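Please look over the sequence and the structure shown here. The notes that go with them are grouped by topic.

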Amino acid sequence: MSELTYLQAISDGLREEMRADDSVFCLGEDVGAFGGAFKVTDGFIDEFGPERVWDTPLAESGIIGTAVGAAVEGLRPVCEMQFADFISCGFDQLVNVAAKLHYRQGLSVPVTVRLPSGGGFSGGPFHSQNPEAWFLQSPGLKVVAPATAEDAKGLIAAAIRDPNPVVYMEHKHLYRRAKGEVREGRYETPIGKARLAREGEDLTVIAYGAMVLTALEATEDLDGASIEVLDLRSLYPYDREAVLTSVRKTSKVVLVQEATRSCGVAAEVAALIAEEAFEDLDGPVLRVTTPDVPIPFSPPLERAVLPQVEDVRKACHELLAY
Amino acid sequence: MSSSPTSAGVVDVTMPQMGVSIAEGTIVEWKKQPGDAVEADEPLLEISTDKAESDLPAPAAGRLAEVLVEAGETVEVGTVLARIETGDGAGAETPSATHGDGKAEHDDGNGGSPVTPVVRRMAEEHDLDLSQIEGSGRRGRVTKKDVLAYLRGRGEAPAEPKLHTESPYREAPAEAEAEAPPQAAERPAPGGRELSVMRKQIAEHMVRSLRTAAHCTTIVEADMSRIEAARGRGSYLPFVARAAIDALREHPTLNATFEDELLTVHDEVHLGIAVSLGEQGLVVPVIRDAHELSSEGLATRIKDLAERARSKRLSPDELRGGTFTITNPGAFGAVLATPIINQPQVAILDLESVVKRPVVVTDAAGNDSIAIRPMVYFCMSWDHRVLDGALAAQFLSTLKRRIEAPAT
């Protein structure tokens, strides 16, 4: 065990998989000589050489399309989108080609696409988005979003080893903020299993990615109320059993996501709760999300739209008193 | 509460006839003290007969004038237990809610606040009048916490351990335990606690059975694959019950009672099903004429009896007259047990956990192979005074055959 940042943990997981499996390689803009925009692949080109660490042109469609071809031929590519926002340029290759090849032709496409996502540092509308919900609408893809260093490493390994295309959401705000003990060597965090970040009795907060930290901070001392925090970790498939078990226990739920409101992960989980646990509810299901707006560049405006600790506290107070 | 009656109507509260065979009852606890205002149908006291405990509702609204029989005393049916003064001003401030079957009435008793789904469900399961519960939520809304606190106050464990039906919600058992000490503190023995009326009755019955019958336990192992496939998400129990009834038809000597040196072999199967009430104890409601029911019919009856047992709504007659009993504590993972016979019956069948085990299976051509199968032990305790081991083994082997090939 050693203490790593979330960023180091992703790096460590990727490096371990590349060391263990020659078919794993990475490609993206500036991932080679520069070591990646956020330095996830720092030093990789020295260890693995330019054949396994490709600097690509500024063309997401080309990056993902190349990776899909390589995956069909038996390799396990890991694509880096410099910012999650730019995956829209590679959208067709991901949702129409990668996601559907197995359905149409029975081909396995073990591609991992890394998406540095999220706001909170004045990145503005093109460098702050959380576009995970787009991929929940694309059957054939899996989507994961770790919140801790340990899961960041375990889920990158699971994504690489999975025979399906996996979208790996890595929150930029967690890169250096989230730290924790990380196991050495190779291990896998199972896709589709949630993590109980804190056990509680009175209310459940369901979150993922950076919002897990926000949820934990917001509910650490909430007038003595016992708040359960469930970290989804996987968004598709997600851990329905864990959600329902927690809801049946506490009967009150606040869902927190940094992504914009409409048709998001929180909406999907809220719908599941309404369908499967209606008779266990002791109050309305509440969502704390970014409103349906582009992310502003101005720091006070950005703070106003992204879910803050205070927003989560307010929602919890409201529901506890319901 | 300071109001006093102006016109003196007095209504007697008497020990009710709780079933044709019941002659007397014991006062367990008074829920109201002399001077308290009572509403019609509000629980006034808890009474216990030799089979069941239940709440006795107030026959009229008014003020509890006097209590004539103290808790702990046993009196005959018809005895006057207390008197209620009725009349203008004697009642509680609000008129009593009319009791109907309609679910919507719960809303009215709650100051107009909507009732949340979980509270509505719990109110139905525990037969609660929500107007009796003080709501701590916004605008006086009754919350799940309020209901749980109310149930704990009533001494009713709100969440039941899994047994015959799934527990729909869970509650930390530690809280129920924490409530016990104040009661215990009044007792002379430090740290000691007297058993509840129900537990005392169980204790007496169990010791008497062990003293009376020559207990012997025979065990067979059965492959539950076919039932596993047929049961879907339901319990094993109704299928086992159906197979046991069929086996009893083939070996009627086990469907019998032995009392006063006389053995009575019964034509009808009145099947007792043990239902755990958590820490409070255990009751064995009886499915009358169980031989006339399919496994689906048995499943419905078992669920109904278990639910009513937990909400104390069984009539004492439903707890008598069994000819054979099945007990099923298997949800907790135990694989073997030696149950005590439910007197005056002559045998009791115990269904423990179904566990996957490697077993040798033989195909039609006689070839052996090892397969993974859901296996169970059927443990039957029987009375060696009435029958011998060979018959017990024959019965269990018939049961096994019917479990493994239920169609035949």
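Predicted model: local features only at pLDDT ≥ 70, side-chain atom pairs only at ≥ 80, totals over all residues.

Residues are numbered from 1 along each chain as its sequence is written, while chains are lettered from A and ligands numbered from 1 in the order in which they are written.

**Chain A overall**

- Chain A has 12 helices and 14 strands; helices (H or I, at least four residues) and strands (E, at least two) are DSSP runs, numbered from the N terminus.
- Of its 322 residues, 55% count as buried. A residue is buried if 20 or more other C-beta atoms lie within 10 Å of its own, exposed if 12 or fewer, and partly exposed in between, with C-beta atoms placed from the backbone.
- Among contacts in chain A with a separation of 6 or more, 78% join residues 24 or more positions apart. Two residues are in contact if their C-beta atoms, placed from the backbone, lie within 7 Å.

**Nonpolar cores**

- In soluble globular proteins, nonpolar side chains tend to be buried together.
- A nonpolar core is a set of buried Ala, Val, Leu, Ile, Met, Phe, Trp, Tyr and Cys residues joined through C-beta atoms within 7 Å.
- The largest nonpolar core has 113 residues, and those with the most contacts inside it include Val143(A), Val144(A) and Tyr168(A).
- Helix H7 (residues 149–161) of chain A gives the largest share of this core, eight residues.
- At least three residues of this core come from each of domain 1 (2–182) and domain 2 (195–320) of chain A; the domain bounds come from an automatic or database domain assignment.
- Beyond its neighbours within four places in sequence, Val144(A) is in contact with residues including Leu155(A), Ala159(A), Ile191(A) and Leu235(A).
- A second, separate core has 56 residues, among them Ala244(B), Leu271(B), Ala274(B) and Leu399(B).

**A sheet in chain A**

- Five strands of chain A form an open sheet with mixed pairing, in the order E9-E11-E10-E13-E14. Two strands pair if DSSP finds at least two bridges between them.
- Strand E9 (195–198) and strand E14 (286–290) of chain A are the edge strands, each pairing on one side only.
- Strand E13 (residues 253–260) of chain A pairs with E14(A) in the parallel sense over four bridges, and Val256(A) stands opposite Val288(A) in E14(A).

**Contact between the chains**

- The contact takes 11 residues from chain A and 11 residues from chain B.

**Two residues of chain B**

- Thr398(B) is found in helix H10 (residues 389–404) of chain B. Thr398(B) counts as partly exposed because it has 19 C-beta neighbours inside 10 Å.
- Thr398(B) and Ala243(B) are 155 residues apart in sequence, yet 8.7 Å apart in space, C-alpha to C-alpha.
- Leaving aside neighbours within four places in sequence, Thr398(B) is in contact with Ala247(B), Glu250(B) and His251(B).
- Val67(B) is found in strand E6 (residues 62–67) of chain B. With 18 other C-beta atoms within 10 Å, Val67(B) is partly exposed.
- Val67(B) and Leu81(B) are 14 residues apart along the chain, and their C-alpha atoms are separated by 6.3 Å.
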